[in-house]
Amino acid sequence: MDQLVWLSLCISLLISLSAGLPFEDGNNNNVKITRQSLELTQTINIQRQEFMQRECELLGQHHQTMNDLTDLQMDHMIVDKEHKLLYCYVPKVACTNWKRVLMMLMGKWNNGTDPLQIPGSLAHSEGMFTKFYDLTEAEQQQVLSEDYTRFILVRHPFERLLSAYRNKLEGDSPSAKYFQSRVGRQIVKELRPGASNSSLENGDDVTFGEFIQYLLTPELSRANQTDYNEHWEVITRLCNPCVVNYNVVGKYDTLLDDSALALYLARARNLIFPTGHKPSSTKANLRTYFDPLPIGSIRRLYEIYEEDFRLFGYGLDDVLGFEFG
């Protein structure tokens, strides 16, 4: 991103903060959103965009266009034409709450003002949102113009993997039971010699090491040898950040600040990202789950998610205590 683009982004933020939209400091669950905090978040956001664009160039992916993408590669791109917002949702990165917020923003929920009251199953229901591929070519070009806020939320690749494992294979929710009966049983059958009948039948005791081995065995884990399940698919394959010029790049560690910026730039009046959800303990448990894994497995796993590490500026120090050379 050159200096001119950087300046235009700063100017556009200042205009949006000062013109047309009456700004009032808000307080939601003791999270203060101020003009100064939004300006600081935008400064960090611009740095993330610049970093991501440099990495796209280093990876040789900056010449790709939307015409190179299939409908499947655009399936996670939700568009709100009224508020000129594109949001690419990434499972295990607050996507349920963001879909709830979008339902309220688009007037799809009228039973209260708390997004957390919206059933997750409803927020994820088929046909709830307009996708990028639903648009005409002219509408698609408008979405890719400077008029739109294009928002992506990302997370440390290994933290996201662990969150998916704990939620889908280690838990006891209806969603976990669904994954255990399908993915869990497959893992036990194919990767655990001498498994008990109970494990083969329920698939509810898959270890983290077995899950990682499953990911490293593409004939088991990749549909048609190409695609993972969306909950552990590589973010760059879900959202194609080297093709879509995202102008708000949020991270799970700064979820509230980045969400506030995206909503403000989309001119979402009186709507704040919910802060009442239970904070994740996944990051604190990374070493507990990853330390027993063979270093060779971690290296191979890193290679699968390398683009996510590189494009979004993540490292392995939190997991290994050192980086690969």
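Biologist: What is the handedness of the disulfide of Cys88 and Cys239?

Modeller: This is a predicted model, where local features need pLDDT of at least 70, side-chain atom pairs count only at pLDDT 80 or more, and totals for chains, interfaces and linings use all residues. Residues are numbered from 1 along each chain as its sequence is written, and side-chain values use heavy atoms, without hydrogens and water. The sulfur atoms of Cys88 and Cys239 lie 2.0 Å apart, and a disulfide is a pair of cysteine sulfur atoms within 2.5 Å. The torsion about their S-S bond is about -90°, so the disulfide is left-handed.

Biologist: How many residues apart in sequence are the parts that Cys88 and Cys239 tie together?

Modeller: Helices (H or I, at least four residues) and strands (E, at least two) are DSSP runs, numbered from the N terminus. Cys88 lies in strand 4 (residues 85-88) and Cys239 in helix 11, so the pair joins parts separated in sequence by 151 residues.

Biologist: Is Cys239 buried or exposed?

Modeller: Buried means under 20% relative accessible area, exposed over 50%, and partly exposed in between (1.4 Å probe, protein chains only). Cys88 has 0% and is buried. Cys239 has a relative accessibility of 0%, so it counts as buried.

Biologist: Which residue forms a disulfide with Cys56?

Modeller: The whole structure holds 2 disulfides. In sequence order, the bonded cysteines of the protein chain pair 1-4, 2-3. Cys56 sits in helix 2 (residues 35-58), and its partner is 186 residues away, in the loop between helix 11 (235-239) and strand 7 (248-251). With sulfur atoms 2.0 Å apart, the partner of Cys56 is Cys242.

Biologist: Which side chain makes a polar contact with the side chain of Glu159?

Modeller: Glu159 belongs to helix 6 (residues 157-168) and is buried at 4% relative accessible area. A polar contact is a pair of N or O atoms within 3.5 Å; within protein, one must be able to donate a hydrogen and the other to accept it, and residues adjacent in sequence count only if both atoms are side-chain atoms. At 3.1 Å, the side chain in polar contact with that of Glu159 belongs to Arg155.

Biologist: Which helix supplies the largest share of the lining of the largest pocket?

Modeller: Helix 3 (95-105), helix 4 (120-123), helix 6 and helix 7 (174-191) each supply at least two lining residues. The largest share, 5 residues, comes from helix 3.
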